[in-house]
Amino acid sequence: MDSFTQPSEWLRGVLGLCVLRIMAGGPTYGYAIAAELAEAGFGEIKGGTLYPLLARFEKNGLVTAEWRVGEGGPGRKYFTLTDSGRAELAHGLAQWQAFSTRVTSHLATGNTGDDLSVPHPRNFMRSTS
């Protein structure tokens, strides 16, 4: 895990997809999902962010939920990806791949030779007018 902290609006845009991806590994519960996201470098995901997302997934039929007896502690609500959830994950992964490729291509300097520390001429002309 690195020390990079992404802007929160970036995470909001992909959190659902990341949570679905975790759940593709099998039934899991909220705290375990949050811990896996933290381990992956996304930082601490608060319950007030994660649990409404899981409830929305359940309402939309992307996951099923069941309470299981806790081992030496309180019960836990386990979430399992449904076939609809797997289809949503596959669709989201394809969309993310296309989008991230487009963004990376747009931001890359490769073929243009642009020095990104210098304002783009179009923006420079606006600021000096």
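**Core.** I looked up the largest nonpolar core of this predicted model and found that, of its 23 residues, Val 19, Met 23, Ile 33, Leu 37, Leu 54 and Phe 57 touch the most other members. I took a nonpolar core as a set of buried Ala, Val, Leu, Ile, Met, Phe, Trp, Tyr and Cys residues joined through side-chain atoms within 4.5 Å, buried being under 20% relative accessible area with a 1.4 Å probe and protein chains only. The elements giving two or more residues to this core are α1 (8-23), α2 (30-39), α3 (47-59) and β3; helices are DSSP runs of H or I of at least four residues, and strands are runs of E of at least two, numbered from the N terminus. I noted that α1 gives the most, with 9 residues.

**Leu 37.** Leaving aside neighbours within four places in sequence, I found Leu 37 in contact with Leu 15, Cys 18, Val 19, Ile 22, Phe 42, Gly 43 and Ile 45 (contact: heavy atoms within 4.5 Å).

**Helices α2 and α3.** Gly 30, Tyr 31, Ile 33 and Ala 34 in α2 meet Leu 50, Tyr 51 and Leu 54 in α3.

**Strands.** I traced β2 (residues 63-68), which is joined to β3 by 6 bridges and runs antiparallel to it; pairing requires at least two bridges found by DSSP. Strand β1 (residues 28-29) pairs with β3 (residues 76-81) in the antiparallel sense over 2 bridges. Phe 79 in β3 is the bridge partner of Thr 28, and Ala 65 also stands opposite Phe 79.

**Basis.** Residues are numbered from 1 along each chain as its sequence is written, and side-chain values use heavy atoms, without hydrogens and water. Local features need pLDDT of at least 70 and side-chain atom pairs count only at pLDDT 80 or more, whereas totals for chains, interfaces and linings use all residues.

Definitions and conventions:
Buried < 20%, exposed > 50% of the residue type's maximum accessible area, 1.4 Å probe, protein only.
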